[in-house]
Amino acid sequence: MQSIRLVHFSDVHVTTPRLGWRRRDYLSKRVTGWLNLRLLGRGYRFRYANRAAAAMIRHVLDRPPDHLIFSGDATTLAFEAEFAHAARLLGVNQPEMPRGLAVPGNHDYYVGRPVRDRLFETYFAPWQFGERVDSHHYPFAQRVGHVWLIGVNSSIATFWTWDATGFVGPPQRERLRRLLHSLSPGLRILVTHYPLARSKGQRERLFHGLRDWREMLRIAAEGGVSLWLHGHIHKPFVLASERFAPFPIICVGSGTQTNVWTYNEYQITGHRLAMTRRRYSLSEDAFHDHDVLELELR
Ligand SMILES: [Fe+2]
């Protein structure tokens, strides 16, 4: 029976002191984002982000999995200096790193300019190869053993600081529908930044959720998706209620937020998934096994 091992992490929000401000940035929501980072607590919650991210990559390289999954929010304000720093820290271009799949988070699309300049797609290009239905970048699918990993972009640039909503949109949803139907047989695992719901299946907060979650849930169910992986919510959870979706949903949580810091490893043998959640220890500067869970995928 075929078996693969995946490592999944998200919401690393690594920081760098030199952001490279330009005059136009002072008129954008980057100003309030920066104030939040430096004065209102976000920076404090992520004060060890670089250190935890480095420990996570060391751990990955100790026992390399078959594939990496990164579900977004490499940066905080989507400055190019942050992308360069994140890609270096996460080893995106390191030859000894396993292959990977990456999709952007809302912080990587914080304002319009980095989206137009395709900064995430440039710095994470090595983790964005795959099969596509046409020349559009998203969605794309990567084959790993008996599994298909399918990356969907659920992030958009929004105008207001408080608006952290996501949207896949009708054209990409239609491409996803076609992609899911065109792939050869194999378990289908969908990867987005945004969740479909919160930990017990409740709706996301008004300005924090995926606007077209209902349409995405329907397309995933009709396309035979077996598992949905995401980030965005920083506390990890597993939603495996048939009442909500015909497949389990795993929120990996933040890899680097102080006292939350976790990443997941999935061993998928046939249709059986064994998940190990690893948690960071600041005093030991290392990740340790925290809890395990087994799920049967349809
Ligand atoms: Fe996010």
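The paragraphs below take up the sheet, the core, a pair of helices and a loop residue.

This is a predicted model, in which local features need pLDDT of at least 70 and side-chain atom pairs count only at pLDDT 80 or more, while totals for chains, interfaces and linings use all residues. Residues are numbered from 1 along each chain as its sequence is written.

An open sheet of six strands runs in the order β3-β2-β1-β10-β11-β12, with mixed pairing; strands here are DSSP runs of E with at least two residues, helices are runs of H or I with at least four, and both are numbered from the N terminus, while two strands pair if DSSP finds at least two bridges between them. At the edges lie β3 (100-102) and β12 (286-296), each of which pairs on one side only. On average, neighbouring strands of this sheet are turned by 20 degrees against each other, direction ignored. Helix α3 (residues 49-62) packs on the sheet, where it touches β1 (3-9), β10, β11 and β12, and its direction makes about 65 degrees with that of β12; axes are lines fitted to C-alpha atoms, for helices over the stretch in contact, and angles run from 0 to 180 degrees between N-to-C directions. Within the sheet, β10 (residues 262-269) and β11 (residues 272-281) run antiparallel and are joined by eight bridges, and T262 stands opposite R279 in β11.

The largest nonpolar core has 80 residues, and those with the most contacts inside it are M56, L149, I150, I189, V191 and W228. Such a core is a set of buried Ala, Val, Leu, Ile, Met, Phe, Trp, Tyr and Cys residues joined through C-beta atoms within 7 Å. Its largest share, seven residues, comes from α3.

Helix α7 (residues 170-182) and helix α8 (residues 213-222) have axes that come within 10 Å and cross at roughly 10 degrees, which makes α7 roughly parallel to α8, a description used for angles under 35 degrees. In their contact, R173, L176 and R177 of α7 meet E215, M216 and I219 of α8, where contact requires C-beta atoms, placed from the backbone, within 7 Å.

Finally, where does L40 lie? L40 is in the loop between α1 (30-38) and α2 (42-45). L40 is exposed because 10 other C-beta atoms lie within 10 Å, given that a residue is exposed with 12 or fewer such atoms, buried with 20 or more, and partly exposed in between, the C-beta atoms being placed from the backbone.

Note on methods
Angles under 35 degrees count as roughly parallel, over 145 as roughly antiparallel, 65 to 115 as roughly perpendicular and the rest as oblique. Two residues are in contact if their C-beta atoms, placed from the backbone, lie within 7 Å.
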